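Trainee: Could you go through this structure with me before I set anything up?
Mentor: Gladly, just ask as we look at it together.

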Amino acid sequence: QVQLVESGGGLVQPGGSLRLSCAAPGFFLNYYVIGWFRQGPGKEREGISCISSGDDTTSYADSLKGRFTISKDTALGTVVLQMSNLTPEDTAVYYCATPSSSPRQVSECVLSAFDYHVWGQGTQVTVSS
């Protein structure tokens, strides 16, 4: 059964960038829908971006479009979230998730956390000077 592991979090100064990675040891995520979510202190979990398994169609939260980019590293079988121009409001635990433990050929994705049933443990991103 696929298990997701996030990496790449840490402390970054305002205006900086970070690259998060979502991996599944023993699996290639090329054929999974993957979503990135975050939960800041005292806030509800928020959808950031997702990428489909079929044709790599992407979707972004409107408020984050332009600063965050999701992509697949097909060679490594991972999914990357590139974040730029970070602000303290981006401080949160960042999670990757997939709707199913089995690969599915799907040409779209949605950013509703309720549709995702396999979650990683999260990686902390702190934006502070």
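Trainee: Which residues does Arg38 touch, leaving out those up to four places away in sequence?
Mentor: Bearing in mind that this is a predicted model, Arg38 touches Glu44, Arg45, Glu46, Ile48, Leu64, Phe68, Glu89, Asp90, Ala92, Val93 and Tyr94. Arg38 itself is found in strand β4, which covers residues 34-39.

Trainee: And is Arg38 buried or exposed?
Mentor: Arg38 has a relative accessible area of 8%, and because the cut-off for buried is under 20%, Arg38 counts as buried.

Trainee: What polar contacts does the side chain of Arg38 make?
Mentor: One is with the side chain of Asp90, at 2.8 Å, and another, of 2.9 Å, joins the side chains of Arg38 and Tyr94.

Trainee: Which residue forms a salt bridge with Arg38, the closest N and O atoms being 2.8 Å apart?
Mentor: That partner is Asp90. Asp90 lies in the loop between β8 (78-83) and β9 (92-98), whereas Arg38 is in strand β4, so the pair ties together parts that are 52 residues apart in sequence. Asp90 is buried too, with a relative accessible area of 2%.

Trainee: How many salt bridges does the count come to?
Mentor: The count comes to five salt bridges. Among them, Asp56 forms one with Lys72, where the closest N and O atoms are 3.0 Å apart. This pair links distant parts of the chain, with Asp56 in the loop between β5 (46-51) and β6 (58-60) and Lys72 in strand β7, 16 residues apart. Asp56 is partly exposed at 35% relative accessible area, while Lys72 is buried at 14%.

Trainee: What about Asp62 and Lys65?
Mentor: Their side chains meet in a salt bridge of 3.6 Å, N to O. Asp62 is exposed, with a relative accessible area of 66%, and Lys65 also counts as exposed, at 52%.

Trainee: Which residues do salt bridges that share partners join into one network?
Mentor: That network is made of Arg38, Glu46, Arg67 and Asp90.

Trainee: Switching topic, what is the strand order in the open sheet of four strands?
Mentor: The order is β1-β3-β8-β7, and the pairing is antiparallel. The edge strands, each pairing on one side only, are β1 (5-7) and β7 (68-73), and the twist from one strand to the next averages 20°.

Trainee: How many bridges join β1 to β3?
Mentor: Three bridges join β1 to strand β3, residues 18-23, and the two run antiparallel; Ser7, for instance, has Ser21 in β3 as its bridge partner.

Definitions and conventions. Residues are numbered from 1 along each chain as its sequence is written. This is a predicted model: local features need pLDDT of at least 70, side-chain atom pairs count only at pLDDT 80 or more; totals for chains, interfaces and linings use all residues. Side-chain values use heavy atoms; hydrogens and water are left out. Two strands pair if DSSP finds at least two bridges between them. Axes are lines fitted to C-alpha atoms, for helices over the stretch in contact, and angles run from 0 to 180 degrees between N-to-C directions. Buried means under 20% relative accessible area, exposed over 50%, partly exposed in between (1.4 Å probe, protein chains only). A polar contact is a pair of N or O atoms within 3.5 Å; within protein, one must be able to donate a hydrogen and the other to accept it, and residues adjacent in sequence count only if both atoms are side-chain atoms. Contact means heavy atoms within 4.5 Å. A salt bridge is a side-chain nitrogen of Lys or Arg within 4 Å of a carboxyl oxygen of Asp or Glu.
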